[in-house]
Amino acid sequence: MSDLHCEFSPEDFTATAFTSSVGRVIRVTGFGLCPSAGWELSLVSTNPGVVPHPGSLWLELRERAPKGRGRVLVDTGVEAIIEDDRATEIVVRFSWREPFAIPVVEFDRFGDAVRSDAAAQPAAASATGF
């Protein structure tokens, strides 16, 4: 664990898509293990340049460290809501390490998973704090 960054794993993130008559919305949630309390995390849309897979939506995870630092490990949540009609995976980028991808799981209006090629993989089970 570094004092400069929180630790993140793809297993700690989920991406869930809901489609209605208004459009399709993807909710991305996750958490990181931060070196102290008070860290602020955000996911922001980013353009990586030429995207080799048009079904990928790229988000950058940004961190803001607290001013005062105590040494205690803290799970810190992050969430983003994105309108997108075609993404089948979310790529989470970092400024200090390699990115990772998580699948988008489709849900119908009743909250049931829709079986499709886009949602063939289960969502990570470890992000249950939301």
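Predicted model: local features only at pLDDT ≥ 70, side-chain atom pairs only at ≥ 80, totals over all residues.
Seven strands make up an open sheet with mixed pairing. Read across the sheet, their order is β3-β4-β6-β7-β1-β2-β5. The edges are taken by β3 (40–45) and β5 (74–83). Each of these has a single partner strand, so one side of each is left without a neighbour in the sheet. From one strand to the next, the twist averages 25°.

Strands of a sheet pair through backbone hydrogen bonds, in either the parallel or the antiparallel sense.

## Strand β2 and its partners

In the sheet order, β2 stands between β1 and β5. Strand β1 covers residues 13–19 and strand β2 residues 24–34; the two run antiparallel and are joined by seven bridges. Within this pairing, Ala15 is opposite Val28 of β2. The two strands form a hairpin, with four residues between them. Gly23, in the turn of this hairpin, has a positive phi of about 150°.

Strand β2 is mostly covered, eight of its 11 residues being buried.

## Val25

Val25 belongs to strand β2. Its relative accessibility is 30%, so Val25 counts as partly exposed; the class lies between buried, under 20%, and exposed, over 50%.

Leaving aside residues up to four places away in sequence, Val25 touches Thr16, Ala17, Phe18, Ile81, Ile82 and Glu83. Of these contacts, Ile82 is 57 residues from Val25 in sequence, while the C-alpha atoms of the two are 5.6 Å apart in space.

## The disulfide

How many disulfides does a search of the whole structure find? The search finds one. This disulfide joins Cys6 to Cys34, with an S to S distance of 2.1 Å. The link of Cys6 and Cys34 is right-handed, with 100° about the S-S bond.

The pair links distant parts of the chain, 28 residues apart. Cys6 lies in the segment before β1, whereas Cys34 lies in strand β2. Both cysteines, Cys6 and Cys34, are buried.

How values were computed. Residues numbered from 1 in each chain as written. Heavy atoms only, no water. Pairing = 2+ DSSP bridges. Axes fitted to C-alpha atoms, helices over the stretch in contact; angles between N-to-C directions. Disulfide = S-S within 2.5 Å. Buried < 20%, exposed > 50% of the residue type's maximum accessible area, 1.4 Å probe, protein only. Contact = heavy atoms within 4.5 Å.
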